[in-house]
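Q: I'd like to learn how to read a model like this one, from a single chain up to the way the copies pack. Can you walk me through it?

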Amino acid sequence: MIIHYLSLIGVSVFAMSGALAAGKKKLDWIGVGVLASITALGGGTIRDVLLNRDVIFWIEEPVNIWVCLLTAVFTILYVRFFSPPQKTLLVADALGLALFTIVGAQVAEDAQMSLPIVAVMGIITGVVGGVLRDILASEVPLIFRPTSTLYSVAALVGVLVYLSAQALNLNQLMASLIGIGSIASIRFIAIFWNITLPAFHISND
Amino acid sequence: MIIHYLSLIGVSVFAMSGALAAGKKKLDWIGVGVLASITALGGGTIRDVLLNRDVIFWIEEPVNIWVCLLTAVFTILYVRFFSPPQKTLLVADALGLALFTIVGAQVAEDAQMSLPIVAVMGIITGVVGGVLRDILASEVPLIFRPTSTLYSVAALVGVLVYLSAQALNLNQLMASLIGIGSIASIRFIAIFWNITLPAFHISND
Amino acid sequence: MIIHYLSLIGVSVFAMSGALAAGKKKLDWIGVGVLASITALGGGTIRDVLLNRDVIFWIEEPVNIWVCLLTAVFTILYVRFFSPPQKTLLVADALGLALFTIVGAQVAEDAQMSLPIVAVMGIITGVVGGVLRDILASEVPLIFRPTSTLYSVAALVGVLVYLSAQALNLNQLMASLIGIGSIASIRFIAIFWNITLPAFHISND
């Protein structure tokens, strides 16, 4: 139940981030719907394929597809009347990252994976949709840019916080909320103060 | 049976579109074979993985691989002696799109999927091979370009026509032919008159 | 057993090639670990998904993930103190290609695939990790560059040598070593003398 509703909210915010990216690339309306759907459903799809689940989550619950398409239409209409605030895309992305990472970890827990795999599946669920969005829009993936401001760090820390909170006997709902809060906070702080990790640099000659 | 032969024709025309794209990028001969194969087999592969079918179609029937490689050789030889007509690539692509979309929908029907998933699997089968071709050739995917002239629209309309025709009690062969004809017609008309969907545009500042 | 150890060595050299590529793109430390992991685990992951194996190899043996992360840390530290020799990346890549191709063929043999599929799975295992590395780093994949100096040729020849050696009644260990040697030799020779296959070229007008 918790998984179910969190997941739909995450789908919607990530679909919005995909639709906004599509708008920056001047895609046509169908392209907006497709990019919104791939951004929102891509991470969970890869997770389900890697876990070899019998049925991919959006085949089991096609409502996920409708949420993507409705969000895409809403985003197109919204942007027609209101200008999107400067950092809308980054904020939507941070919320999607937070929700998806924790939901992905929960799915892996339900599949009785070991803790390292639960962490990896959380990060994959959170990060892969945005990477697909950026690759399809022919951008360097946000996560791999020198200016990515703790993107994957946030997912990693959040999933560890979530697992630790459960190890400390908090129930899954509380642990989820703390994990989601950690990820979103780290991203917001990193974006606001423009904090980045040290880069590893090899000169090209 | 219908699925089987339509599928092999689709593989061949899509392999040709991949080989021609490889020629534009000056790939070596092996690269031509690989790009032809990925373009032709990519969409169906993703469909089979998402449907969690026991065996991917080209593992079950390796003749698909041979069709790709022979088509690649044929394309290299053909282009050596004849100049490829201006819009060869777009025409091959339109035919491949039409065949693959309907075949993909049929495979999903055989796997007893619901109608929305049948439509999505048709579109994925038709569209994904070309997207992989464009990503690997470091192009913006045709489907996501502002000038894409109803690419995904054609797949979407075609699969809806196919499903409607069956709902009207036409047999699968007739419905397939009508669906394939719709997709190819929409693409040809859109290319000829350069029809595009309205774009969704957000300025970058 | 043979598969197991060869595979871990291959993971380590390919992770190094991913980490070095990350350094050329100035990724942050987490980005280095992610790119190293995707480069090292991507080919085998795609292979396992296509073969529909019950459990992806690095879920079954998470030691593969740790090898990637440790190699990434080692590479970052090494490059801090020693300058990476001019062709380090190409050599690491050639060794990874050789090991992964043969290991991938062995996994497909164990899954009782036919010979063409064994060859294809070997090539996919060897080549896909590097392709993902290049796509994520927004480079034209090495394998598709006009200057790729027999990259996929080496994998193709090596897997055929491996299969032929077994057909001539050599045991799997000997056949593996000969196959691995062939691939690495072809790549080293091709890099040293800058040998490329003839390209297929279509002018753009």
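**Reading the chains**

A: Let's begin with the fold of one chain. Chain A has 8 helices and 0 strands, and its order along the sequence reads α-α-α-α-α-α-α-α. Keep in mind that this is a predicted model.

Q: How compact is chain A for its 205 residues?

A: The idea is to compare the radius of gyration with what the globule rule gives for that length. Here the radius of gyration is 17 Å and the rule gives 17 Å for 205 residues, so chain A is as compact as a globular protein of that length. Along its principal axes, the C-alpha trace of chain A spans about 50 × 50 × 35 Å. Of the 205 residues, 56% are buried.

Q: What share of the contacts in chain A join residues at least 24 apart?

A: Take the contacts between residues at least 6 apart in sequence: 70% of them join residues at least 24 apart.

Q: Let's zoom in on one helix. What span should α4 of chain A have, at 1.5 Å a residue?

A: Helix α4 of chain A runs over residues 63-81, and its 19 residues should span 27 Å. The C-alpha atoms at its ends are 27 Å apart, which agrees.

Q: Which residues of α4(A) are buried?

A: First the general idea. An α-helix has 3.6 residues a turn, so residues three or four places apart point the same way. Now the case at hand: the buried residues of α4(A) are A:Asn64, A:Ile65, A:Val67, A:Cys68, A:Thr71, A:Ala72, A:Thr75 and A:Ile76. They cover an arc of only 165° around the axis, which puts them on the same side of α4(A). On the other side of α4(A), the exposed residues are A:Leu77, A:Arg80 and A:Phe81.

Q: How many residues does each chain give to the contact between B and A?

A: Chain B gives 25 residues and chain A gives 26 residues. On the side of chain B that touches chain A, α2 (29-50), α6 (115-136) and α7 (151-167) each supply at least two residues. The largest share, 4 residues, comes from α6(B). By class, that side divides into 18 nonpolar, 7 polar and no charged residues.

Q: And which helices of chain B supply at least two residues of the side that touches chain C?

A: Those are α1 (2-24), α2, α4 (63-81) and α6 of chain B. The most comes from α2(B), with 6 residues. This contact takes 26 residues from chain B and 25 residues from chain C. The side of chain B that touches chain C has 18 nonpolar, 3 polar and 5 charged residues. The copies use different surfaces: 8% of the contact residues of chain B recur in chain C.

Definitions and conventions. Residues are numbered from 1 along each chain as its sequence is written. Chains are lettered from A and ligands numbered from 1 in the order in which they are written. This is a predicted model: local features need pLDDT of at least 70, side-chain atom pairs count only at pLDDT 80 or more; totals for chains, interfaces and linings use all residues. Two residues are in contact if their C-beta atoms, placed from the backbone, lie within 7 Å. Ala, Val, Leu, Ile, Met, Phe, Trp, Tyr, Cys and Pro count as nonpolar, Asp, Glu, Lys and Arg as charged, and the others, Gly among them, as polar. The expected span of a helix is 1.5 Å times one less than its number of residues. A residue is buried if 20 or more other C-beta atoms lie within 10 Å of its own, exposed if 12 or fewer, and partly exposed in between; C-beta atoms are placed from the backbone. The arc is that of the directions from the helix axis to the C-beta atoms. The radius of gyration is taken over C-alpha atoms; the globule rule is 2.2 Å times the number of residues to the power 0.38.
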